[in-house]
Amino acid sequence: MSEQALVEETTHQVIQTPDNLLELAINQNADIDKLEKLMALKERYDANQAKSAFFEALMAFQSKVPVINKTKKGHNSNYATIGAIASQIQGVLKECGLTYRFEQSHENGITVTCVITHILGHSERTTMSAEADKSGSKNDVQALGSTVTYLQRYTLIGALGITTADIDNDGVVSNEVISVSQYKELSK
């Protein structure tokens, strides 16, 4: 095989990415129209690569993150605080190249959006809205803060696919003793 034929065969084996094509076009003094089309192709290609990397990172995150325990006592049930969630996921998020942030709007009630972003730039959003939580003896600012915190918690766990669970009590249901009459009633 001649040297020229070997060079041509090797050139055809190079995987053609938008970066390669753009470099080739520049080296061949392509006109601006072709360069613009190649730049648009490169942008779409990079966006698809970033989106794919995002979902791979999310899959890795979900396989590594622990179940978040509900350790805070609420009115009717237990829940995991936003601080507890954040402290348990931060290391795994970093390891997977993911970050999160929140956006808020107060135009029509309270809207919180959790934005999950991958290091390559792709982001996904999860949004929830609610009115201020005026239950109990909260003042207006506390009612607003309560709702914002609630929405942050649920948009974060929704966006990341996190599960929360009641604390495992090792099979112990209660330390309470039932009376003989309760036992007889249950035994019927």
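This section describes a sheet with its packed helices, the aromatic pairs and the cysteines of a predicted model.

An open sheet of 3 strands is present, with the order β4-β5-β6 and antiparallel pairing. The edge strands are β4, spanning residues 98–105, and β6, spanning residues 123–130, and each of these pairs on one side only. From one strand to the next, the twist averages 20 degrees. Strands of a sheet pair through backbone hydrogen bonds, in either a parallel or an antiparallel manner. Between β4 and strand β5 (residues 110–118), which run antiparallel, there are 8 bridges. Within this pairing, Gln104 has Val112 in β5 as its bridge partner.

Two helices can be described against this sheet. Helix α3, residues 32–64, packs on the sheet and touches β4, β5 and β6. The direction of α3 makes about 100 degrees with that of β5. Helix α5 also packs on the sheet, with contacts to β4, β5 and β6, and the direction of α5 makes about 35 degrees with that of β5.

The structure contains 3 aromatic pairs. In one of them, the ring centres of Tyr100 and Phe102 lie 5.6 Å apart. The planes of these two rings stand at 70 degrees, and because an angle over 60 degrees counts as edge-to-face, the pair is assigned to that class. Tyr100 has a relative accessibility of 22% and therefore counts as partly exposed. Phe102, at 24% relative accessibility, is likewise partly exposed.

Another aromatic pair is formed by Tyr150 and Tyr154, with 4.6 Å from centre to centre. The planes of Tyr150 and Tyr154 are 45 degrees apart, and the pair is tilted. Both residues belong to helix α5 (residues 140–160), where they are 4 residues apart, about one turn of the helix. Tyr150 has a relative accessible area of 41%, so this residue is partly exposed. For Tyr154 the relative accessible area is 32%, which also makes this residue partly exposed.

Among the cysteines, Cys96 has a relative accessible area of 8%; the limit for a buried residue is under 20%, so Cys96 is buried. Cys114 has 0% relative accessibility and is therefore buried as well. The number of disulfides in the model is 0, where a disulfide requires a pair of cysteine sulfur atoms within 2.5 Å.

Technical notes. Residues numbered from 1 in each chain as written. Predicted model: local features only at pLDDT ≥ 70, side-chain atom pairs only at ≥ 80, totals over all residues. Heavy atoms only, no water. Phe/Tyr/Trp six-rings, centres within 6.5 Å; stacked < 30°, edge-to-face > 60°. Buried < 20%, exposed > 50% of the residue type's maximum accessible area, 1.4 Å probe, protein only. Pairing = 2+ DSSP bridges. Axes fitted to C-alpha atoms, helices over the stretch in contact; angles between N-to-C directions. Contact = heavy atoms within 4.5 Å.
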